[in-house]
Amino acid sequence: QIKLRANRLGASGSGFYVLSENDMTTVEKRMEQLKPHVMVVDSIQTMYLPELASAPGSVSQVRESASILMRLAKAAGVSVFLVGHV
């Protein structure tokens, strides 16, 4: 679906990478490997850290996931857009 939409908008190309993952540990590793200029997380409520006992979407999971993304963004100079659903 994402590929079809990108093609329709004329935005397809080798500069895009889609990661279907909600484990923040994996996302952090891939972000460090890929070194993107821009990153979009859709949605922050689905992200989780395995070491926290709470469920994805809980206040502690969202806070810690956002904190990791903020730290990575500042360290690497990456713009991060977080999508949240209420």
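Helices (H or I, at least four residues) and strands (E, at least two) are DSSP runs, numbered from the N terminus. With that in hand, the chain can be read from end to end. This is a predicted model, where local features need pLDDT of at least 70, side-chain atom pairs count only at pLDDT 80 or more, and totals for chains, interfaces and linings use all residues. Residues are numbered from 1 along each chain as its sequence is written, and side-chain values use heavy atoms, with hydrogens and water left out.

Start with the overall plan. The chain holds 3 helices and 2 strands. Their order along the sequence is α-α-β-α-β. The C-alpha trace spans about 40 × 30 × 20 Å along its principal axes. Of the 86 residues in the chain, 22% are buried. Buried means under 20% relative accessible area, exposed over 50%, and partly exposed in between (1.4 Å probe, protein chains only). Contact means heavy atoms within 4.5 Å. Take the contacts between residues at least 6 apart in sequence: 55% of them join residues at least 24 apart.

Now the strands. β1 covers residues 38-42, and β2 covers residues 79-83. The two run parallel and are joined by 5 bridges. Two strands pair if DSSP finds at least two bridges between them. Val-38 has Ser-79 as its bridge partner in β2. Val-41 has Leu-82. Together, β1, α3 and β2 make a right-handed β-α-β unit. Right-handed has a set meaning here: with the strands pointing away from the viewer, the path from the first strand over the helix to the second runs clockwise.

Met-39 and Val-41 are on the covered face, while Val-38, Val-40 and Asp-42 are on the uncovered one. Met-39 and Val-41 also belong to the largest nonpolar core, which has 12 residues in all. A nonpolar core is a set of buried Ala, Val, Leu, Ile, Met, Phe, Trp, Tyr and Cys residues joined through side-chain atoms within 4.5 Å. Other members include Met-24, Val-27, Met-31, Ile-68, Leu-69, Leu-72 and Val-78. The elements α2, β1 and α3 each give two or more residues to this core. In soluble globular proteins, nonpolar side chains tend to be buried together. Leaving aside neighbours within four places in sequence, Met-39 is in contact with Val-27, Met-31, Leu-69, Val-78, Ser-79, Val-80 and Phe-81.

Follow β1 to its end. A cis peptide bond joins Asp-42 and Ser-43, with omega about 0°. Ser-43 lies in the loop between β1 and α3. Ser-43 is buried, with a relative accessible area of 6%. Its side chain makes a polar contact with the side chain of Gln-45 (3.0 Å). Such a contact is a pair of N or O atoms within 3.5 Å; within protein, one must be able to donate a hydrogen and the other to accept it, and residues adjacent in sequence count only if both atoms are side-chain atoms. Beyond its neighbours within four places in sequence, Ser-43 is in contact with Val-83 and His-85.

Lys-35 sits in another loop, between α2 and β1. Its phi is near 50°, a positive value in a residue other than glycine. Most residues other than glycine have a negative phi, and most peptide bonds are trans. Lys-35 is exposed, with a relative accessible area of 62%.

Gln-61 is buried, with a relative accessible area of 0%. Leaving aside neighbours within four places in sequence, its contacts include Met-47, Tyr-48, Leu-49 and Pro-56. Further along, Arg-71 meets Glu-28 in a salt bridge between their side chains (2.9 Å, N to O). Arg-71 lies in α3 (residues 59-76) and Glu-28 in α2 (residues 24-34), so the pair ties together parts that are 43 residues apart in sequence. A salt bridge is a side-chain nitrogen of Lys or Arg within 4 Å of a carboxyl oxygen of Asp or Glu. By this rule the count is 1 salt bridge. Arg-71 is partly exposed, with a relative accessible area of 44%.
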